[in-house]
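Hello,

Here is the structure we spoke about. Notes on the salt bridges follow below the entry.

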Amino acid sequence: YARAMSSYGVFIAICGFEYNGSKGYIAFAPRIQKSYFSVAFTAAECWGTFQQTRKGSIQTNSIELKYGKLKLNSFAVALSDEYQAAALDSNISGKSVKLSFKQSNCRITCSSPKTLNLKKGDKLTLRIKLQGK
């Protein structure tokens with residue numbers, strides 16, 4: 001059991017994964033391959049995939065649920081040191097959703113005025129337009 005848990009700790013650290021189900025908060029801050037990063041994740045009532053890509057001045061982050069349900073109020077992702085967020089476009093499975101965002105250092109936190117209830121098959125996508133600092 002200890003060996004499995006220590007391996008999972010390394011996995012969590014590489015992903016920069018944070019989750020708080022009662023607050024409806026999930027975050028990722030990949031430590032490796034930041035321009036293209038893809039990983040599985042588990043939460044209290046679901047599991048799915050997280051993906052991050054960076055191309056030019058656009059960073060795209062997505063969470064896709066493969067099983068279960070996920071209640072989200074906020075979603076945070078890491079940005080590169082040399083960029084700040086200029087604009088955000090977000091959608092769930094292609095349907096536009098309004099999120100506000102706030103940047104603190106190299107992290108952008110996106111929040112919804114109402115709880116987002118994701119279910120199996122839903123994909124939340126953030127398209128972040130970046131500008132140099």
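Asp122 and Lys119 form a salt bridge, with 3.6 Å between the closest N and O atoms. The model is a predicted one, so the distance counts as a salt bridge because it falls within the 4 Å cut-off. Asp122 has a relative accessibility of 11% and is buried, because the limit for buried is under 20%.

How many salt bridges does the rule give? The count is 4. Two others among them are described here.

Lys69 pairs with Glu45, and the closest N and O atoms of this salt bridge are 3.9 Å apart. The two residues come from distant parts of the chain, 24 residues apart. Lys69 sits in strand 5, which covers residues 58–78, whereas Glu45 lies in the loop between strand 3 (36–42) and strand 4 (46–55). Are these residues buried, partly exposed or exposed? Lys69 is partly exposed, at a relative accessible area of 47%. Glu45 is also partly exposed, with a relative accessibility of 47%.

Lys66 forms a salt bridge with Glu64, where the closest N and O atoms are 3.8 Å apart. Lys66 has a relative accessibility of 33%, which makes this residue partly exposed. Glu64 is partly exposed as well, its relative accessible area being 24%.

Regards

Conventions
Residues are numbered from 1 along each chain as its sequence is written. This is a predicted model: local features need pLDDT of at least 70, side-chain atom pairs count only at pLDDT 80 or more; totals for chains, interfaces and linings use all residues. Side-chain values use heavy atoms; hydrogens and water are left out. A salt bridge is a side-chain nitrogen of Lys or Arg within 4 Å of a carboxyl oxygen of Asp or Glu. Helices (H or I, at least four residues) and strands (E, at least two) are DSSP runs, numbered from the N terminus. Buried means under 20% relative accessible area, exposed over 50%, partly exposed in between (1.4 Å probe, protein chains only).
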